[in-house]
Amino acid sequence: MTDQSAKFTLGSTNADLALRSGTIGPDVVDVTSLYKQSGVFTYDPGFSSTASCESKITYIDGDEGMLLHRGYPIDQLAERGDYLETCYLLLYGELPTAREKEDFVYRVTRHTMVHEQMSRFYTGFRRDAHPMAVMVGSVGALSAFYHDSTDIADPHQRMVASLRMVAKMPTIAAMAYKYHIGQPFVYPRNDLSYAENFLHMCFAVPCEPYRIDPVLARAMDRIFILHADHEQNASTSTVRLAGSSGANPFACVAAGIACLWGPAHGGANEAALNMLTEIGSKDRIPEFIARAKDKNDPFRLMGFGHRVYKNYDPRAKIMQKTCHEVLDELGIKDDPLLEVAMELEHIALNDEYFIEKKLYPNVDFYSGITLKALGFPTAMFTVLFAVARTVGWIAQWKEMIEDPHQRIGRPRQLYTGAPLRDYVPVDERS
Ligand code: SDX
């Protein structure tokens, strides 16, 4: 990492700023001392040109459509690895040896149960509560149960909290789903893999044995891998900012879940499926393409576009392949939603507006069709995203806490409000 310098000149003021290079990707100008040297702030409300931290976890090349986790391409991890192996990689920086993997899987598997009193939280929610609302509440409440792993200064407690979050999210999510549909909770089983266990907790009922389809379990595991981490996206930045104050990891993940819920972010998978359903048939696609291009219409093609990817989202390609595998396994032929999605993708990718603005399908475009085919209601789609992304949030939170230079995040602003003025008594106001 070679360090050079950058000069900032404003009138008669000159600021010497450090220029830093990473392993790969754009250099950064370190503006930490800019205000002290020049009296001005930088301004970048959407963080389009701003690196908020230094990280070794995930690298995205938006122009190339490349996504690396600790240097490994997402397509190799998704095709040749499994989710818990990816969790180990994100948390500890290296792929585990066979022994390390066996130990990690053993430890995660034995943290999957939640405190029995947790089940009482669910009955406090209305039956028709959105499962994401239940997730925000339930995960935030974990800090009320696990006092023995909230001292973030203790490396052992950070590790226990990390394992607990990765292990318990599927259980909490499955309980949210069961509560949503009025069925009894199903306890985790230690003889099942992570993805098998999640499908079992969601779809098993006491009245009959639940048969796990290995093709569907593999697809679920791959969907978890595709959503595991994604650099400094909005929800991960939320977790980092919450964690920078010293808040416990359960509270930080709850904040990440709340941010992920938005339709511009993790809520896009639910919104994309709702959009495909609203379009309904291929002949209505031109009407929606026109709306997406109309500046006076707030409608956007959900599942399209990305702040970083100005090429195809590599996860979308793998998700499309997984979608076909799941539909084939379930014998779903000519799924009308898939037909609309593929025709919409074809039209958009050949439309000047989308080409000029470099809008491609993102990870959320095909995930909704896949998750619906797996049996999940649309209200659960973002919950599944949260389950998968928890390891990314925790890995990024852990990296921040372990950074010796870490300080509380406290952005400044461009103030355009009223100048100094004196109070006016109410009887003198006009
Ligand atoms: C995720 O950050 C991450 O890494 C997120 C994520 C992760 O794994 O964590 O990848 C997960 O959130 C994926 C994105 C899911 N969201 C959607 O699919 C919602 C639809 N997409 C858009 O809302 C939008 O593309 C965003 C929010 C994803 C990106 O927004 P930006 O970067 O702020 O881009 P922009 O809004 O400035 O758009 C640039 C131009 C605009 O036109 P102009 O003002 O320049 O004329 O492109 C247009 C936008 O109007 N545009 C779209 C569009 N997305 C952008 N036009 C129509 N349909 C769209 N989907």
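Close-up 1. A side-chain polar atom of Arg307 sits 2.6 Å from a ligand oxygen atom. Arg389 also places a side-chain N or O atom 2.8 Å from an oxygen atom of the ligand. A polar contact here is a pair of N or O atoms within 3.5 Å. The protein buries 78% of the 1100 Å² that the ligand exposes when taken alone (Shrake-Rupley method, 1.4 Å probe). The model is predicted, with local features needing pLDDT of at least 70 and side-chain atom pairs pLDDT 80 or more, while totals for chains, interfaces and linings use all residues. Residues are numbered from 1 along each chain as its sequence is written, and side-chain values use heavy atoms, without hydrogens and water.

**Close-up 2. The shell around the ligand.** The shell holds 24 residues, of which His230, His306, Arg307, Arg315 and Arg389 come nearest (a heavy atom within 4 Å of the ligand). By class, the shell has 10 nonpolar, 7 polar and 7 charged residues (Asp, Glu, Lys and Arg count as charged; Ala, Val, Leu, Ile, Met, Phe, Trp, Tyr, Cys and Pro as nonpolar; the others as polar).

**Close-up 3. The second largest pocket.** Its lining has 21 residues, with Leu84, Leu192, Ser193, Tyr194 and Ala195 nearest the centre. A pocket is an open set of points on a 1 Å grid where a 1.4 Å probe fits, with protein on both sides within 12 Å along at least five of seven lines; lining residues have an atom within 4 Å of a point. The lining comprises 12 nonpolar, 5 polar and 4 charged residues.

Conventions: A polar contact is a pair of N or O atoms within 3.5 Å; within protein, one must be able to donate a hydrogen and the other to accept it, and residues adjacent in sequence count only if both atoms are side-chain atoms.
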